[in-house]
Amino acid sequence: MDTLYISSHPDDFRSLLPLIAAEFCPSPPRIVHEDPPAEVARSRPALVLAGAGGTVLTGANAVSWYLAAAGKQTGSEKKQESQVWQWLSFAENELTPVACAVTFPLLGIMGSSRAELLRVLKALDETLAPRTFLVGEAVTLADIAVSVAALLPFKYALEPVDRKSLVNVTRWFNTCMNQPQFLKVLEIVVLSQSFRSCLFPLNDWFDLLFSGPPKTEAQLKKEAKKREKMEKFQQKKEMEEKKKKMQPQTEKKELGVITYNVPTPPGEKKDVLSPLPDSYSPQFVEAAWYSWWEKQGFFKPEYGRKNVSEPNPCGVFMMCIPPPNVTGSLHLGHALTNAIQDCLTRWHRMRGETTLWNPGCDHAGIATQVVVEKKLMKERKMTRHDLGRENFIQEVWKWKNEKGDRIYHQLKKLGSSLDWDRACFTMDDKLSFAVQEAFIRMHEEGVIYRSKRLVNWSCTLNSAISDIEVDKKELTGRTLLPVPGYNEKVEFGVLVSFSYKVEGSGESGTQLFFLLKTLELDHLKGKMVVHPFCDRKMPIVFDDFVDMSFGTGAVKITPAHDHNDYEVGERHKLTFINILDENGLLINVPPPFLGMKRFEARKAVLQALKDLGQFKDVKDNPMVVPVCSRSKDIVEPLLKPQWYVDCREMGKQAADVVRNGELKIIPDHHLKTWFNWMDNIRDWCISRQLWWGHRIPAYFVTVNDPSVKPGEDVDGHYWVSGRSQEEAREKAAKRFNVTADKISLRQDEDVLDTWFSSGIFPFSIFGWPNESEDLRVFYPGTLLETGHDILFFWVARMVMMGLKLTGKLPFKEVYLHAVVRDAHGRKMSKSLGNVIDPLDVITGISLEGLYAQLMDSNLDPLEIEKAKQGQKSDYPSGIPECGTDALRFALCAYTSQGRDINLDVNRILGYRHFCNKLWNAVKFAMRTLGEGFVPWEKAQLCGSESVSDRWILSRLSAAVALCDSGFQAYDFPTITTAIYNFWLYELCDVYLESVKPVLSRTDSEGQKQADICRQTLYTCLEVGLRLLSPIMPFVTEELFQRLPRRRAQDSPPSICVTPYPETSEFCWHSEDVDRQMEFVMSVVKTIRSLRADYNLTKTRADCYLQCIDSDTAALVQTYSLQIQTLSYSQAIYPVVGGDSTIPQGCAVAIASDKCTVHLMLKGLIDLEKEVTKLTAKKGELEKQMEKMMEKTAKNDYKEKVPVKVQEADAEKLRQNETELQKVKEAIENFRKMM
């Protein structure tokens, strides 16, 4: 094992870096908190490699790189590795010095400069604006190094006001600190509230900074020189700060809140005649549109046709919403589901299809009952049993009527274009009748049957729960866990060994055992052991289930309380003895254990075994503990008579329809999971011991006739199902051949699993089993879109029950999106404080507002405090107002990250800025079009378009094609990227800038060209908004309503019912034009780069473009106006031939293999000043290279320095050489001009 020598000081950043890196290692090193032996290394941190001839790595960066590389934290490719190394250099050379300067001012290391620290952190803040992590999409050594360098300022120097101005850095820093590996080393990092808290005993900091062996004279001189240099640097910075303070300050303008104040009754059209506000504001844009859309009937499939049965050549699109639980409100996971579904629905509607997206809500049996029970206890100190079943159900309905509409309100705020007239609730009469009918038909067919088997039992809920409601908590050994109903935590993760006496002998086994698999114990075959507390005898059996490496090869089994033991018990026909009742109290056991609570009985049994002398020992035992996600209780496998669905044949059918292509599952990497579940499916327990839900329409029969023997609960023969008691009584009388008056019935108290009603949702919403127009037109549906985490629990059951009850698949395709997690990769959980209401992202909310929501929830006080800490860490300044459109766009753009999405709320804000750019672009364009502008009746080419017009129409056609293929393939990132790039990088950055000179011309020919340009611009705006409409419905509607129409007399009233752009109409994509413009932009970027190099911010210079041939020169001439405009040049001169034709005094840069840029500088800049600056830069680069070459030339460099570090050094040297060559060329060039 490797050995890592580090400092024990809790704030020694040099040691913290390798310590955290080590946490990512598959085989972490041994940690030693002391100096390494003198013969090994002279300082800490030091890593001694085992089995490598005593190789030693020293220095925080070298050690950390080695450890991080072992844990695959240095980047997934060469480019990322280089980026990680650059961030290491940033942490060491830029951030650490200023962090120390601010945190340790008393040591006189250098003058403290908060301004310098904030400057560095603000640069980092800008870099992190579009990112969650520094390199790639996960934590790397870059994040570890930079966050450790920032640790001291965050703990001791940065005040809340500082952190508020560094929102991206703070968000990223908290993300890093909440990673498990960081928490293990640093525990919870408490952020500074005041700069004064950095005053520590001087000796502590001196030891931290200067611990290690005595410095040599050369080292001391070097440090003194460095300190002197840093002090000069600091003085320079302070002078710059003073100058800045003397200049007038201009505050950065915040995104303003503008509201829509024109009185508009709900359902009436919004005022679109008033001028648009100066900037985009979600509150203004999103006002009034939704109620108008709804009142106009745009969301109904009947819109634009007589009825839904009317034939439509464009086809029918139907999708039902995955019914959200009625409990509380939606979170961002639901927002993702609805953003994707609404985009698809709006796209199909704009394509002219008969479109229905059917809303609904699930009654959520267990979840709802738990919420209402907690509410009852909190407000009235009552249990449901105090109220009784009927009164309690009335309380639940009351709660549902008060709170249930919040979900629909949220869906409307998200812009969801659902047909609200068809909204369903799974406890409505129509759906309840369908649930009852489904149970009765399947029961009569024998598919539903009664059986006594092990179920997942929650003693707190007094109910069986489904597998999806069981969390698997992994333990590595002895762990104390909280259990509801117990004052003290309960011990888990241990293996207790004790002996049983073998009947008829003095022999005893050294572990609790019944079940054997070893020839060494063959002499025990057929014998019995004696129970230590009663006269019960227990058989010793042999079975292949036993793991020989576990304990002695002999283990006890409890067939009535363990799923694996149950199967062994079945094989060996053992007695199934249940020792727990529904409340977790012991039964069928001798005193004094009888009636004890299960975990208190554990302690009593252990003590009794010790008293008998049969206890042996207790060892740590890694295990998985099942925890109820609703009640947090420990789940007990319990034998209970329940109703089951025989899934074998239905599972086979569900697998077959996917195998033969009738049902398509997208993405196809989920197919393996599907087949694994369907091919190995178990029968489904559908009983739930609740009061809220669909009561099972089954009745236990008692026959009041001596000729019929009494039945038992588990005997299915004594159970009948019926739509009413009368029907059930008639069935029973017929079965037992007696008159109806001799039949007594007792309806099952249980309700059906919520997934049962969800499983028939696609057809129950249309009135099944009764015939209806909706059922005929919209069943089977087109698509089911949902999260992959409920592929089995909901999707598979809909497929099975659809095939069983209707003979048809409920849908043709299943698209499974990713599961949303928080920015740290954690599952959304109310107790973590990371369950965010989409409305809070849309409208914004303060941290105090988030706290207030927690206080209004049903969380326990301890959970509320934990959630508060999570919210404070993630949203120290609350959540900024982002708007619906930005949230939807971000969610769609995020779906490229695979199975899970780590959604950072702060990054959604970036798409609000996109909305603002879109807003400003359209406003500018509309001013350019002018009030009297009339668009052509059809988007078409006239043949006189300029090269800029042809290019932007080519890019528009490419965007249309990408969006079309993206929607067809459910590739939402392709759609968002195509639209984003078109609007920002092509229309705004290039086209609008390049045509400004054209639009300003006043001559007749110029006016003609300007008119064509305006038609092109209108086409781009109108089509671009239609492309974006399914994703951003509000801002596109607001802007679309301001545009003139091509055919005002018969234009659709809303963008949401305007045809989506088709590739057949927009077929102007030209690869030649694209290639030409790509060349032009490479020239433009090269000129801009030269202008930046020579600080030509406002001065326009002549530009000579040296072309390799006449064709290239002709191309440059064709695009000369575009190049001149976009590069801010005075004039463009294409040149063919050698340098002799180009005047002296130009800066030179290569744009491509066909063109070299010569930018005239002579007379525009101070040549002597530039030469002086470059000469200083040259000297600095030469010093850096000299140091690097000295380092690499050392004899032990190749042996001691890790390969990755050597590669990074070589790359740095190459970069310096390239930069030095450029500097030399620039100096030479300037001297020629002088």
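Reply:

**Salt bridges and their surroundings**

In this predicted model, arginine 384 and glutamate 373 form a salt bridge, with 3.2 Å between the closest N and O atoms. The pair links distant parts of the chain, 11 residues apart: arginine 384 belongs to helix α16 (residues 384–387), and glutamate 373 to helix α15 (residues 365–380). Arginine 384 has 5% relative accessibility and therefore counts as buried, the limit being under 20%. Glutamate 373, with a relative accessible area of 23%, is partly exposed.

A further salt bridge joins the side chains of aspartate 753 and arginine 688, at 3.3 Å from N to O. Here too distant parts of the chain are linked, 65 residues apart: aspartate 753 lies in the loop between β31 (751–752) and α25 (754–759), while arginine 688 lies in strand β27 (residues 687–688). Aspartate 753 and arginine 688 are both buried.

An α-helix has 3.6 residues a turn, so residues three or four places apart point the same way. Glutamate 1182 is partly exposed at 32% relative accessibility, and lysine 1178 is partly exposed with a relative accessible area of 24%.

Salt bridges also connect into a network, which links Lys300, Glu302, Asp419, Asp421, Arg422 and Asp774. The count of salt bridges comes to 61. Side chains of opposite charge can pair when their charged atoms come close.

The surroundings include nonpolar cores. The largest has 175 residues, and Phe972, Trp983, Leu1105 and Ile1123 have the most contacts inside it. Helix α35 (residues 972–994) supplies the largest share of this core, 12 residues. Leaving aside residues up to four places away in sequence, tryptophan 983 touches Phe914, Leu918, Val922, Cys988, Leu1021, Gly1024 and Leu1025. A second, separate core of 76 residues includes Val308, Ala434, Val657 and Ile743. Burial is also seen in helix α32 (residues 884–894), where 11 of the 11 residues are buried; among them are the charged residues Asp885 and Arg888.

The strands complete the picture. Four of them form an open sheet with antiparallel pairing, in the order β10-β9-β24-β26. At its edges stand β10 (463–464) and β26 (684–685); each has a single partner strand, so one side of each is left without a neighbour in the sheet. Strands β9 (residues 448–458) and β24 (residues 636–645) pair over 10 bridges, and lysine 452 has proline 641 in β24 as its bridge partner.

Another open sheet consists of three strands in the order β25-β33-β32, with parallel pairing. Because β25 (664–666) and β32 (783–787) each have a single partner strand, one side of each lacks a neighbour in the sheet. From one strand to the next, the twist averages 20 degrees. Strand β33 (residues 813–817) is joined to β32 by five bridges, and leucine 784 stands opposite valine 814 in β33. Helix α28 (residues 791–806) packs on this sheet and touches β32 and β33; the direction of α28 makes about 165 degrees with that of β32.

How values were computed:
Residues are numbered from 1 along each chain as its sequence is written. This is a predicted model: local features need pLDDT of at least 70, side-chain atom pairs count only at pLDDT 80 or more; totals for chains, interfaces and linings use all residues. Side-chain values use heavy atoms; hydrogens and water are left out. Two strands pair if DSSP finds at least two bridges between them. Helices (H or I, at least four residues) and strands (E, at least two) are DSSP runs, numbered from the N terminus. Axes are lines fitted to C-alpha atoms, for helices over the stretch in contact, and angles run from 0 to 180 degrees between N-to-C directions. Contact means heavy atoms within 4.5 Å. A nonpolar core is a set of buried Ala, Val, Leu, Ile, Met, Phe, Trp, Tyr and Cys residues joined through side-chain atoms within 4.5 Å. Buried means under 20% relative accessible area, exposed over 50%, partly exposed in between (1.4 Å probe, protein chains only). A salt bridge is a side-chain nitrogen of Lys or Arg within 4 Å of a carboxyl oxygen of Asp or Glu.
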